[in-house]
Amino acid sequence: MKVLAVILVLGLSLFGNDYKKFAEDMNYNVDYNKAMELAKKEKKELMLVMVANFCPWCIKLEKKVLKKEDINAKVHKKYIPVILNREEGKYPDSFKTEMIPTVYFVDHNSGKIKTKVVGYNNKQDLVNIINE
């Protein structure tokens, strides 16, 4: 029984860092405050993707949508992208959510949420949201 518990804990720690690998590969920020500073400096909205450990829809969004070169180029052209794990790190309470994945589009001046998109969106849906 103890061996199973150890395996489970190790597995949790490995999967919990997948978003960091994604962030590194796709040049997303993992620090809300640094991302907001950059958004203010570049006068771009923040695109904040909130994920959680073991969320299959979060992984699907990352791998099937956000990792696509054309989507990534559009995101970086228009936004400062940041990905956060709701179970880790510090971020404003306004981004706490039970529903994941959630994508927030945040005003760079006020820090207020302009748009909130809850759940998985396929590539075309996300393109439509980005182009609004």
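Are Tyr79 and Phe105 buried or exposed? I started my notebook with this one, and I found that Tyr79 is buried and that Phe105 is buried as well. A reminder to myself: I am reading a predicted model.

**Entry 1: the helix H6**

I looked up helix H6, which runs over residues 123-130. Its buried residues are Leu126, Val127, Ile129 and Ile130. They span an arc of only 160° around the axis, so they sit on the same side of H6. I recalled a general point that helps here: an α-helix has 3.6 residues a turn, so residues three or four places apart point the same way.

Next I asked what covers the buried residues of H6. I noted that the cover includes two helices, H4 (56-66) and H5 (69-78). It also includes the strands E2 (79-85), E3 (102-106) and E4 (113-118).

Then I went to the start of H6, where a side-chain oxygen of Asn122 comes to within 3.1 Å of the backbone nitrogen of Gln124.

**Entry 2: Asp70 and Val127**

I picked out Asp70, which belongs to helix H5. Asp70 has a relative accessibility of 35%, so I wrote it down as partly exposed. I also checked Asp70 against Val127: these residues are 57 apart along the chain, and their C-alpha atoms are separated by 9.5 Å.

**Entry 3: the aromatic rings**

How many aromatic pairs are there? I counted 5 aromatic pairs. One of them joins Trp57 and Tyr120, which are tilted, with 5.6 Å centre to centre and 45° between the planes. Trp57 is in helix H4 and Tyr120 is in the loop between E4 and H6, so this pair ties together parts that lie 63 residues apart in sequence. I looked up the exposure of each ring too. Trp57 is partly exposed, at a relative accessible area of 44%. Tyr120 also counts as partly exposed, at 26% relative accessibility.

Back to the residues I opened with: Tyr79 and Phe105 form a tilted aromatic pair, with 5.0 Å centre to centre and 50° between the planes. Tyr79 is in strand E2 and Phe105 in strand E3, so I noted a link between distant parts of the chain, 26 residues apart.

I also found one aromatic cluster, formed by Tyr32, Phe95 and Tyr104.

**Entry 4: a charge over a ring**

Which residue lies over the face of Tyr120? I found Lys60 there, at 4.9 Å from the ring centre. My note on Tyr120 therefore has two parts: the tilted pair with Trp57, and Lys60 over its face.

Methods:
Residues numbered from 1 in each chain as written. Predicted model: local features only at pLDDT ≥ 70, side-chain atom pairs only at ≥ 80, totals over all residues. Heavy atoms only, no water. Buried < 20%, exposed > 50% of the residue type's maximum accessible area, 1.4 Å probe, protein only. Helix = DSSP H or I, 4+ residues; strand = E, 2+ residues; numbered from the N terminus. Arc of directions from axis to C-beta. Contact = heavy atoms within 4.5 Å. Polar contact = N/O pair within 3.5 Å; in protein donor to acceptor, adjacent residues only side chain to side chain. Phe/Tyr/Trp six-rings, centres within 6.5 Å; stacked < 30°, edge-to-face > 60°. Lys NZ or Arg CZ within 6 Å of the ring centre and 35° of its normal.
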